[in-house]
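Student: I would like to learn how to read the domains and the sheet of a model such as this one. Could we begin with the domains?

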Amino acid sequence: MPTLDEALKKISREEIIETSKRLIRVPSVTGDEKKVVHLARDIIESLGIETRLYGPEERPILTATINPEAKRLVAFNGHLDVVPPASLDAWSSDPWEPQLIGDNLTGRGSCDMKSACAVMIHVASIIKEQGLPLGVALHLVPDEEKGATHGTKLLLEEVKKGNLRRPDYVVIGEKSNLKLRVAERGGWSFKIKFKGRATHTAYARYEGINAIAKASKGVLALEKPIDKWHPWIGAPVLSVNAIQAGTAGNQVPDECTISIDRRLIPGETADTVAAEVKKALDEAGKDDPDWCWEIDAPRDKDGKWIYNPANFTDPDTELGKAFKTAVKTALGKEPELFVEWAGGTDGAYYRAAGIQTIGFGPTGEHMHGPNELVYVDTLIDQARVYLALAHHLSK
Ligand SMILES: [Zn+2]
């Protein structure tokens with residue numbers, strides 16, 4: 001049986017940097033991923049690992065598998081699309097020409113998340129070289145930044161159809177500051193309509209009820225930190241992100257609608273959120289005889305609000321335990337769970353398909369902004385943890 005120590009010694013910083021640079025140099029803003037997917041395929045095949053493309057020719061999904069017949073299969077998922085560089089003036093170097101400055105590797109996609117994909121490819125090649133008795137798949141997808149319809153969602157449809165082996169475990173390589181990301185917040189988008197009474201401005205204080213004034217009170221009552229905490233995921237958040245009201249400059253508005261984006265932690269539902277909103281708004285309007293509002297949101301055929309609950313893989317599942325051991329072994333520290341200010345990842349779709357899924361990736365800065373960069377040391381740590389995980393899972 002090959003040892004983990006031997007595997008860790010095979011990690012090549014140079015190779016990880018070089019592959020990351022090659023991937024970053026190919027612009028691949030969402031919708032234009034074909035070239036970078038073909039490059040990644042060529043790199044993987046040059047390592048003697050078989051690949052297969054799924055999806056349309058113009059936006060292929062790249063998969064590669066080692067030991068497809070093994071008893072258990074772990075898949076590493078990364079996306080090869082990136083967001084646009086935005087204003088080039090704000091960058092201190094060309095976003096498509098990566099620079100290695102000290103420990104920082106710059107460029108669009110350096111942190112989100114081509115370097116992490118380079119780590120996955122490197123780790124796969126070491127696992128293959130070692131002949132580890134574990135099935136290992138790479139799922140390198142397009143379209144993560146715009147909803148995954150052409151990426152991970154499509155890939156999971158192929159899994160469902162039996163065209164691709166269903167993984168037992170999935171690892172998402174998005175930036176996680178070397179913490180275990182076992183959960184992602186859910187979301188509920190809803191509107192609240194505040195009611196008033198329209199009239200001429202001249203009568204505003206006589207028979208008018210200004211819905212904008214009512215909504216203002218409502219916004220102030222809702223736009224607050226929420227006093228709840230979950231150890232895997234932190235606090236829920238509510239943000240009032242749009243407002244609509246008013247038809248004419250000389251008419252008191254009779255309706256004002258605010259749009260709310262509420263992110264949910266495990267245990268929360270649309271009903272629990274609606275109850276919280278009611279409590280806050282009842283309090284805000286308790287001395288107001290004209291206080292009138294209602295929630296306006298889509299419902300399903302049974303009359304239930306439509307929302308996404310938080311998704312998670314319990315850290316005490318098989319994958320969670322293996323990951324915790326891997327972090328201790330590879331980094332010599334206690335694994336941490338909560339990742340601050342984390343956005344959503346494709347992990348949600350694997351979890352929805354019933355597959356144990358955990359995120360673990362590097363640290364960096366300025367994702368989606370100018371001067372994006374990743375810390376190379378954390379890419380090495382990512383590789384160490386992935387190898388320790390693979391060794392643990394192949395026992
Ligand atoms: Zn990403």
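Tutor: Domain bounds come from an automatic or database domain assignment. Here that assignment divides the protein into domain 1 (4-182 + 313-393) and domain 2 (186-296). This is a predicted model, in which local features need pLDDT of at least 70 and side-chain atom pairs count only at pLDDT 80 or more, while totals for chains, interfaces and linings use all residues. Residues are numbered from 1 along each chain as its sequence is written.

Student: How many residues of domain 1 are in contact with domain 2?

Tutor: Two residues are in contact if their C-beta atoms, placed from the backbone, lie within 7 Å. By that criterion, four residues of domain 1 are in contact with four residues of domain 2, and the centres of the two domains, taken over C-alpha atoms, are 40 Å apart.

Student: What is the strand order of the open sheet of six strands?

Tutor: Strands of a sheet pair through backbone hydrogen bonds, either parallel or antiparallel. Strands (E, at least two residues) and helices (H or I, at least four) are DSSP runs, numbered from the N terminus, and two strands pair if DSSP finds at least two bridges between them. The order here is E1-E2-E6-E3-E7-E16, with mixed pairing. Strand E1 (51-54) and strand E16 (356-359) stand at the edges with a single partner strand each, so one side of each lacks a neighbour in the sheet.

Student: Which strand pairs with E3 in the parallel sense?

Tutor: Strand E3 (residues 73-79) pairs in that sense with strand E7 (residues 169-172), over four bridges, and Asn77 stands opposite Ile172 in E7.
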